[in-house]
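Please consult the sequence and the structure below while reading.

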Amino acid sequence: MKMTMTYTIKQPFEGVTVKQYLLNLGYSQSLIRQLRNTKNGITVEGEPVYTTHVLKTGEFLSVFICEDESSKNIVPTPMPIQIQYEDEHILVINKAAGVPIHPSQGNFDHTLANGMAYYFKEKNEAFIYRAINRLDRDTTGLLVLAKNPLSACILSDMVKKRELHRRYLAVVQGKLPLSGTIDAPIARVDGSTIERCVDRINGEEARTHYKRLYYDPVTGHSLAGLTLETGRTHQIRVHLKSMGHPLPGDFLYHPDYRYITRQALHSFRLDFLHPIKKEPLSFEAPLPEDMQFIGITSTEGLWDNDF
């Protein structure tokens, strides 16, 4: 991957250094260090400069980003991947159930990382795997991958600032109240490496907003729309269980497999500004077939955009 970004210095940035200017654009300290060690990584008017160079109005600053090697130790594996959007900076993926995000002990070749490695190998392109938001193995739906280090550091900062807006759909047991907020700290269960619970003494703050979108009296389950103020591990699953409405098919918190064989949770919508172009982007992934057992196939018209 080779990419050149060119900036025309405007009057408000007269007198700032190259480093200050790049930090203001969202470049990370580590990326700036990488550029210092890249031949012609940073140039002004075509001439290499140090990051201490003081910029003048009207100057052209160019940044050359080059990655010739792909992520190491990721085995390229062919698998179906649903790409919702792709340009030179980002990918938006609709992840299937049963697909982990990263390789781990005992699963080295059947993850999204392996599938993306194969995708770019077939295109004869180097690709460093950078997943910006995470989903559990059995949670379906939308996530963002960065295709270069600049989009990666800008998107990561957006996640920290909660500027990447995510909406989830979940099927839950019982008739969920119409709407509300669950404000309950979450901690690791003693003696477990993965299980979490509500713990009002030792837990970290966690808030989940929910809205009942549909109730199916036949199966006795509700379709919930959810947004998060925090991003704790298993937050939705733990919070819904704590109020008596667990997700069916959840092997950890509610192993009821009568209707579905994985937790009924779906990353339904993503809204964010493009990290480079600064254009608003919005993506939706339809309700998966295995979550349609409650008798609904489409969420169109059910979710108020103001929620």
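Arg-237 is buried, with a relative accessible area of 3% (buried means under 20% relative accessible area, exposed over 50%, partly exposed in between, with a 1.4 Å probe and protein chains only). The model is predicted: local features need pLDDT of at least 70, side-chain atom pairs count only at pLDDT 80 or more, and totals for chains, interfaces and linings use all residues. Residues are numbered from 1 along each chain as its sequence is written, and side-chain values use heavy atoms, with hydrogens and water left out.

The structure holds 16 salt bridges, each being a side-chain nitrogen of Lys or Arg within 4 Å of a carboxyl oxygen of Asp or Glu. The table lists some of them.

| Salt bridge | Closest N and O atoms |
|---|---|
| Arg-237 and Asp-136 | 2.9 Å |
| Arg-237 and Asp-250 | 2.7 Å |
| Glu-229 and Arg-207 | 2.8 Å |

Arg-237 forms a salt bridge with Asp-136. This pair joins helix α5 (residues 235-242) to the loop between α3 (112-122) and β7 (140-146), 101 residues apart; helices (H or I, at least four residues) and strands (E, at least two) are DSSP runs, numbered from the N terminus. Asp-136 is partly exposed, at 29% relative accessible area.

Arg-237 also forms a salt bridge with Asp-250, which lies in the loop between α5 and β14 (265-273), 13 residues apart from Arg-237. Asp-250 is buried, with a relative accessible area of 1%.

Salt bridges with shared partners connect Glu-86, Lys-123, Glu-125 and Lys-147 in one network.
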